[in-house]
Amino acid sequence: MSNVLAEYTIEKEMGRGGFAITWLAHPKNQPKNKRGDHAQPVILKELLLDAIEDWKSLESFEREARVLSHLCHPGIPTFIDFIEKETASGKRLFLVQSFIDGQDLEGLIQGGRYFTETEVIEMALQICRVLVYLHRFSPPIVHRDIKPSNIMKSAKTSDYYLVDFGAVKAPESIGSYTTTGTVGYMPMEQVEGKASPASDIYSLGMTLIYVLSHQVPREMNKKGLRVDFRPHVNIREGLARIIDKMIAPDVQRRYQEAAAVLVDLERLQGNVSDMPQWKYYGKRYGKPLAFAGIALTLVGLYRWNASKEKMLAAVPPPSPSASPSASPSVSASEGASQPSAQELGNYYYDKKKYRDAISHFDRYLLTQPNAFSERFRRGFSHSKLNHHQEALRDFLYI
């Protein structure tokens with residue numbers, strides 16, 4: 001290896017599979033820290049070309065390199081390089097990634113590690129944030145192989161990482177039907193070659209069941225087509241309901257977006273799992289929604305008011321008897337009818353004489369409290385005179 005990759009120093013072998021081997025290494029020109037360690041070791045993942053049985057493994061390896069080279073998220077290993085080396089024995093391919101000092105969930109559980117409900121919710125939140133990032137690409141990046149061995153936990157912190165992007169649905173495969181994934185963790189539509197963002201949510205739900213129960217989900221009994229995991233876990237009903245929706249066999253009844261799972265998990269984490277959803281949103285967004293509602297109402301009424309003003313513009317103004325100097329009582333024998341409080345209020349409003357408008361609107365609204373146009377105009381008149389409490393009272397009434 002030192003002859004093949006002269007720019008890296010190999011420290012040790014990290015793992016070996018059917019078609020790949022991983023090494024822990026560091027760049028030779030990288031300085032050491034005070035303890036004599038290399039601050040940023042890397043992982044070299046080599047595809048064993050002589051061991052692959054078909055071209056799919058090579059395509060998967062190259063696809064992982066392409067996808068990772070365009071991703072940037074704290075929950076995904078950082079792409080560093082993709083190296084092709086010609087040797088006497090043939091071509092050798094290496095994917096270079098940042099090193100994650102930790103272990104995957106499968107290894108932790110096989111080693112006897114147990115997780116609390118709080119830890120599982122935190123892990124689910126972090127992976128959901130990764131999925132929100134991936135699924136917002138166009139077209140969405142669907143991982144297609146979320147399982148315990150592809151989620152790593154840091155050895156020093158509570159950080160989790162989603163790894164192994166070799167099964168990602170490539171753009172050139174959009175519209176084609178190929179089955180990729182792990183039996184027991186992929187939903188029926190993925191088995192049929194029609195993976196979507198909801199498929200990743202299903203796989204994450206199955207992973208949560210495994211972490212909470214230490215049992216492979218596909219070996220559990222089913223109710224209908226749904227895995228009956230409740231007898232095997234010790235969790236609150238709130239979390240059980242979320243997992244139920246994540247693993248719904250019918251994709252239409254499942255969470256469609258990771259962001260929706262994230263919201264429900266955050267609500268659960270906030271110890272308000274029994275609070276109805278409308279109360280949760282009301283508590284979290286109540287004030288902004290209230291002000292937004294008032295603003296939308298005012299905009300609508302303003303437009304309605306503007307259209308009414310156009311109609312009123314075509315109507316002749318009140319007779320001179322309605323002028324400020326006129327007597328409030330004009331006899332019918334003089335041939336003039338007395339204008340109403342509504343007419344006088346609108347007359348003074350149009351003239352921008354807001355104090356006079358308010359006094360007439362006051363009289364009119366005593367008998368017609370739901371005359372919203374006049375109430376809006378009175379509230380607007382109050383706001384022009386800096387009577388903020390009175391203005392707000394009218395707007396809230398509307």
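This report walks through a predicted model, from the whole chain to a helix pair, a set of strands and one threonine.

## The model and its chain

Residues are numbered from 1 along each chain as its sequence is written. In this predicted model, local features need pLDDT of at least 70, side-chain atom pairs count only at pLDDT 80 or more, and totals for chains, interfaces and linings use all residues, while side-chain values use heavy atoms, with hydrogens and water left out.

The protein chain holds 12 helices and 10 strands; these are DSSP runs numbered from the N terminus, with helices being H or I of at least four residues and strands E of at least two. Of the 398 residues in the protein chain, 42% are buried, meaning under 20% relative accessible area with a 1.4 Å probe and protein chains only. Looking at contacts (heavy atoms within 4.5 Å) between residues at least 6 apart in sequence, 54% join residues at least 24 apart.

## Helices α5 and α6

Let's turn to a helix pair. Helix α5 (residues 197–213) packs with helix α6 (residues 237–246) at an angle of about 135°, and their axes are 8 Å apart. Axes here are lines fitted to C-alpha atoms, for helices over the stretch in contact, and angles run from 0 to 180 degrees between N-to-C directions.

On the α5 side, the contact is made by Ile201, Tyr202, Leu204, Gly205, Leu208, Ile209 and Leu212, and on the α6 side by Leu239, Ile243 and Met246. These residues divide into 9 nonpolar, 1 polar and no charged. In this scheme, Ala, Val, Leu, Ile, Met, Phe, Trp, Tyr, Cys and Pro count as nonpolar, Asp, Glu, Lys and Arg as charged, and the others, Gly among them, as polar.

## Strand β7 and its partners

Strand β7 (residues 151–154) points Ile151 and Lys153 one way and Met152 and Ser154 the other, and all are buried. Strand β6 (residues 102–104) runs antiparallel to β7, joined by 3 bridges; strands count as paired if DSSP finds at least two bridges between them. Here glycine 102 stands opposite serine 154 in β7.

β7 also pairs with strand β8 (residues 160–162), again in the antiparallel sense over 3 bridges. In this pairing, lysine 153 stands opposite tyrosine 160 in β8. β7 and β8 form a hairpin, with 5 residues between them.

## Threonine 22

Threonine 22 lies in strand β2 (residues 20–27). Setting aside neighbours within four places in sequence, threonine 22 is in contact with Glu13, Met14, Gly15, Ile43, Leu44 and Lys45. The C-alpha atoms of threonine 22 and leucine 47 are separated by 8.9 Å, with the two residues 25 residues apart along the chain.

Technical notes. Buried means under 20% relative accessible area, exposed over 50%, partly exposed in between (1.4 Å probe, protein chains only).
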